[in-house]
Amino acid sequence: MNNTSENVAAYNFAYLDEQTKRMIRRAILKGLAIPGYQVPFASREMPMPYGWGTGGVQLSAATLTPDDRLKVIDQGADDTTNAVSIRKFFEKTARIATTERTQEASVIQTRHRVPETPLTEDQILIYQVPIPEPLRFLEPSEVETRKMHELSEYGLMHVKLYEDIARHGHIATSYAYPVQVEGRYVMDPSPIPKFDNPKLSDCAAIQLFGAGREQRIYALPPHTRVVSLDFEDHPFDPSKADAPCALCGDTHSYLDEVITDDAGTRMFVCSDTDHCQTRRAAGHDKEDAA
Amino acid sequence: MYVAVKGGERAIDAAHDWLAEQRRGDTDVPELGVAQIREQMTLAVNRVMAEGSLYDPDLAALAIKQSRGDLIEAIFLIRAYRTTLPRFGASRPLDTGAMDCIRRVSATFKDAPGGQVLGPTFDYTHRLLDFKLAAEGEDVPAAAEARDAAPARVPHITGFLGRDGLIEQDAAGDETPPDLTRAPLELPATRALRLQALARGDEGFLLGLAYSTQRGYARNHAFVGELRIGAVTVEMDIPELGFAVEIGEITLTECETVNQFTGSKTEPAQFTRGYGLSFGQTERKAIAVALVDRALRWKELGEDDQGAPAQDEEFVLSHADNIQATGFLEHIKLPHYVDFQSELELVRKLRAGADGAPEAAE
């Protein structure tokens, strides 16, 4: 994005014009008022491609104030390329402070993970969402799925989960695992691993979900009850790799599997890089788990 | 030894530098000027303006230069620029009947008032590589005679059919059409909104869909009633003045198809219409839009749903935008290791279950 740096002065704070931000804020407020409901909004073309976080970027642009401190993560890490690109975009267009520390951030934009560190009431977590419709792969038509939500017609989803159990003995969904919000709307939590699903419920922070290409915003106000769909005899299981982190020894954080040599040797490390570094700085290492 | 995915920032900067170098190519070859692209790559410029939804040949040419000739990337640049522009009003409806045509052909009548004007078309060229163009100093013949033959103002061909009641009449309406770029697309859409979406839709996608209707997937027997290309003036009402002012002139391609129609439960036998309008000289696009428009009108005309893709409004409108499509398609290049990790664990778990005592179907 170095080619745009000279032109940035011509753009408004955080890129979008104030009218557009107002339109997005109205959609956010509506989303907060009806938790889990997908609010259509007039998504704008952003200077990054659809599918690369344009929904999250528009939410961040509408949410950020000059005093905010932004953290951007992708796959739990601050230094993955797309997280770097989005963070740089806001450093340029909003000239705001950024951080890699979860605790220091007032706004966190994320793709595919929820930070391990519990969030507070002073924070907003913004999710990038590719396909906001949890029923999409059961019913391709948007006209139909909106009707299904209207009528709370979620039988199809339960049948799908039941068929998984009948066929495999487990529910064969490991990420973007559907949840139900306050007993009403079934919602896609974005493609986070199901390990992260419990963090959505009773979270102190505001959680906003933005799908730019699909033109949808939805939200969870603080302390909303969010339940992962399951059956009494097959309760939801937020699984992860059964290993400690090879760097900080944590046995409770979500792990990435890294192949370290040509022979295919593997090691497991925390996906949340800030969490891992904070633990190591506090003196934890792989011996902890022993 | 674990090598963290650090250094994303440096890698991005280095990639951008390399990209800039590749864009320029061999520095012994003179650099392309934006004006050269605007004047000599006009059809590319036209496509970028049409699908970028912004009529500005200079910016479109700049986008083509910046994108190394990748037209979808150029369209993307234009779209991203366009969203930052304030919308301060709408023009008056364009009068394509008053078009200053450079091309105007009809496939339904041998001759009609105004005549057939081929204009600058590839249609009857033999597609033989012209090696003279590879040599320096080409020799351009003067086209003055052809240009003088172009009619100033000609009536629409479909108007002649309308006089006899042989073609359906499009009801005139005063309602302001919705703006796709300012309101989320809600389905079902009106015809005006559909045409708006098709006008900025991907040429290749629409070509394929239109072609599918010709091959029997919702066949609608289209004739090109008229295809016209030329300049029209854009007028805008200025509230402070109390009258309309000409604010510019744009070149458009308009295609009206005449489609055979033997009548349905609700409509008498008559010809029906398909319509396509597109910025610049973009005739393949305009014809494709007209065919797809006609296919999408099945419900309104009381025709059968054949289950063809071109009849499915939600399918067509959700997938016609190449900026949405390319972004989502290419996003699978981004890291997905968190999701993949959870899939790995699931597959291992399922395999472990299959190897040992099956716990399924208890």
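Mentor: We may begin with the interface in this predicted model. Here, 47 residues of chain B are in contact with 53 residues of chain A.

Trainee: Which elements give two or more residues to the side of chain B that touches chain A?

Mentor: They are helix H1 (8-24), helix H5 (71-82), helix H12 (322-330) and helix H13 (337-355) of chain B. H13(B) gives the most, with twelve residues. By class, this side of chain B comprises 23 nonpolar, eleven polar and 13 charged residues.

Trainee: At what angle do helix H1 and helix H2 of chain A pack?

Mentor: An angle from 65 to 115 degrees counts as roughly perpendicular. Helix H1 (residues 18-33) and helix H2 (residues 54-63) of chain A pack at about 100 degrees, their axes 9 Å apart; H1(A) is therefore roughly perpendicular to H2(A). Lys21(A), Ile24(A), Arg25(A) and Ile28(A) of H1(A) meet Gln58(A), Leu59(A), Ala61(A) and Ala62(A) of H2(A). The residues of this contact are five nonpolar, one polar and two charged.

Trainee: Which residues of H9(B) are buried?

Mentor: Glu203(B), Leu206(B), Leu209(B), Ala210(B) and Thr213(B) are buried. Seen down the axis of H9(B), they fall within an arc of 135 degrees, so they line one face of the helix. Their cover includes helix H3 (42-52), helix H8 (191-199), helix H10 (283-296) and helix H11 (313-319) of chain B.

Trainee: What follows just after H9(B)?

Mentor: Gly216(B) takes a positive phi of about 115 degrees there.

Key
Residues numbered from 1 in each chain as written. Chains lettered and ligands numbered in written order. Predicted model: local features only at pLDDT ≥ 70, side-chain atom pairs only at ≥ 80, totals over all residues. Buried ≥ 20, exposed ≤ 12 C-beta atoms within 10 Å, placed from the backbone. Helix = DSSP H or I, 4+ residues; strand = E, 2+ residues; numbered from the N terminus. Arc of directions from axis to C-beta. Contact = placed C-beta atoms within 7 Å. Axes fitted to C-alpha atoms, helices over the stretch in contact; angles between N-to-C directions. Parallel < 35°, antiparallel > 145°, perpendicular 65-115°, else oblique. Nonpolar A, V, L, I, M, F, W, Y, C, P; charged D, E, K, R; others polar.
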